[in-house]
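The following report describes selected features of a protein model. Please keep the sequence and the structure in view while reading.

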Amino acid sequence: MTFRCGSSMKSDIDDYEIERAHKESLQFYHSLRNYKDNYISSQINSALDSLLDTLRLFGPSHVFSSYNGGKDADVVMHLLRAAVAKHADEHGTLTLRPHLVYFAIEDEFDEVLKHIDQAEKKYGLDLKRFNCSITQGIKTHLESMGDTKTAAFVLGTRKGDPNCGNQEIFAPSSSWMPVSFMRVNPILRWDYGHVWHFLRTFELLYCPLYDLGYTSLGKKSLTNPNPALLKRKYPVDSEHQSGSYWPAYMLSDWSLERAGRIAPPIKQVSGDSQSDSNTTNTVKSSESSSMQEKTKTAISNVQTAAMIIIGDEILNGFTSDVNLQVATKALSSIGVPLKKVCIVSDDVNEIIEEVRRLSQKFDIVITSGGIGPTHDDVTIKAIAQALDQRLKPNVDMIQFLHSIHNTMNNTIPLKEEDIQSREEEINRLSFLPEFSKLNFPPTSIDSTNNNNNNN
């Protein structure tokens with residue numbers, strides 16, 4: 001349904017579908033409330049509380065949400081339909097539907113439009129579409145309510161978004177707007193990880209472009225897949241790339257969420273493709289310089305280091321440690337003294353205790369051992385727990401492991417029955433603490449192949 005400013009159309013969703021959607025959304029509400037996960041439970045409950053308060057204070061007929069088909073809008077839509085279903089259940093009605101508005105943009109992705117249509121039918125949304133500016137569309141929508149009562153406009157704004165400013169969960173509309181309303185930002189304190197954890201945990205509908213490497217959606221001409229998700233071949237400086245991308249939820253550096261967005265040129269020239277290219281190169285150059293400066297700053301701030309050597313075989317005398325001397329020389333070469341060394345067994349709790357203790361006293365803590373495919377390799381699990389982080393598949397690690405297996409397969413081709421086993425092993429070994437950053441030496445592939453027994 002398309003609404004030009006000032007016109008309206010009736011929904012083509014029948015009462016049966018509305019009742020079905022209501023029951024499903026009410027069940028979804030209870031699933032959200034009963035979900036126990038330290039990472040996101042508080043965010044979900046806070047968002048639902050804000051939306052229920054909004055429905056109580058402004059009334060369901062005067063609460064509407066912006067729905068552009070993006071991931072944040074999807075999160076808000078799902079939360080709102082759950083809250084509306086709960087509010088309707090408390091007031092004994094099954095015909096209450098979440099109100100949403102879509103403001104059409106030029107050069108929209110077809111996938112986004114199809115996704116919006118699918119969500120409207122699947123969730124019984126009362127969705128109005130406007131072919132005019134956002135400002136005029138909001139004005140028209142509010143005027144269509146027929147009274148002067150203040151309305152609440154629910155948005156998917158998060159802290160750090162370009163348009164967030166100093167907004168809080170409840171924020172009055174800007175003074176320059178032609179009409180007044182209350183902005184409601186239920187996911188204001190969610191981050192990129194919360195968004196994807198929510199959508200994937202509850203197996204919710206989202207735009208398929210995100211599975212193709214897009215992490216932030218805008219106009220088609222100004223939106224590319226995120227370069228940080230490009231499936232690379234190793235070594236990392238290889239010019240030969242696969243041309244395909246990992247899905248959005250695999251992005252490990254959340255500060256790069258908008259890296260695929262191209263800033264519109266200052267002067268729009270029809271057919272000028274060079275403009276976008278220059279903008280992209282400038283953005284990449286700026287990001288690279290910024291990363292280099294951060295690295296230099298981090299190294300210059302390091303004053304002391306400690307090392308944890310992990311392995312029962314070291315304590316039992318079956319194997320001699322060869323990494324301590326290498327680490328000492330490497331640290332000394334950059335002016336960082338190694339102040340403490342300890343050896344622990346392959347015990348998760350012991351590793352956790354040592355990591356936490358040394359992290360309080362030294363600038364960096366290096367671990368050696370306990371990383372690999374055998375049952376006693378528990379270092380990664382322990383590090384994640386020590387740092388209060390979840391284990392997540394790491395894009396760089398997946399690509400690195402694939403490159404190793406591909407190199408080995410060129411020498412000794414895998415049997416077909418071994419391929420699935422290999423993929424399962426790669427998947428298992430790719431899980432790292434969620435904020436991990438991998439640093440590969442320039443000759444990582446060569447050293448792996450030539451010195452496999454020394455790692």
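In this predicted model, the largest nonpolar core contains 66 residues, and the members with the most contacts inside it are L32, L79, W190 and F198. Helix α3, which spans residues 71–90, supplies the largest share of this core, namely nine residues. In soluble globular proteins, nonpolar side chains tend to be buried together.

The surroundings of F198 illustrate the packing. With neighbours within four places in sequence left aside, F198 is in contact with F28, L32, I40, I44, V75, H78, L79, W190 and L204.

Another part of the model is an open sheet of three strands, arranged in the order β8-β7-β9 with parallel pairing. Strands β8 (338–344) and β9 (364–368) form the edges, each pairing on one side only. From one strand to the next, the twist averages 20 degrees. Strand β7, covering residues 305–310, runs parallel to β9 and is joined to β9 by five bridges. For I309, the bridge partner in β9 is S368. Helix α9 (residues 323–333) lies across β7, β8 and β9, and the helix runs at about 165 degrees to β7.

Charged side chains also pair in this model, with a count of 17 salt bridges. Three of them are listed below.

| Salt bridge | N to O distance |
|---|---|
| R129 and E120 | 3.3 Å |
| E257 and R158 | 2.6 Å |
| E168 and K159 | 4.0 Å |

By contrast, E168 is partly exposed, with a relative accessible area of 37%, and K159 is partly exposed at 39%.

Where do E257 and R158 lie along the chain? E257 is in the loop between α6 (192–201) and α7 (273–300), while R158 is in the loop between β4 (152–154) and β5 (170–172); the pair therefore ties together parts that are 99 residues apart in sequence. These two residues also belong to a network, in which salt bridges that share partners join K71, D72, R158 and E257.

Notes: Residues are numbered from 1 along each chain as its sequence is written. This is a predicted model: local features need pLDDT of at least 70, side-chain atom pairs count only at pLDDT 80 or more; totals for chains, interfaces and linings use all residues. Side-chain values use heavy atoms; hydrogens and water are left out. Two strands pair if DSSP finds at least two bridges between them. Helices (H or I, at least four residues) and strands (E, at least two) are DSSP runs, numbered from the N terminus. Axes are lines fitted to C-alpha atoms, for helices over the stretch in contact, and angles run from 0 to 180 degrees between N-to-C directions. Contact means heavy atoms within 4.5 Å. A nonpolar core is a set of buried Ala, Val, Leu, Ile, Met, Phe, Trp, Tyr and Cys residues joined through side-chain atoms within 4.5 Å. Buried means under 20% relative accessible area, exposed over 50%, partly exposed in between (1.4 Å probe, protein chains only).
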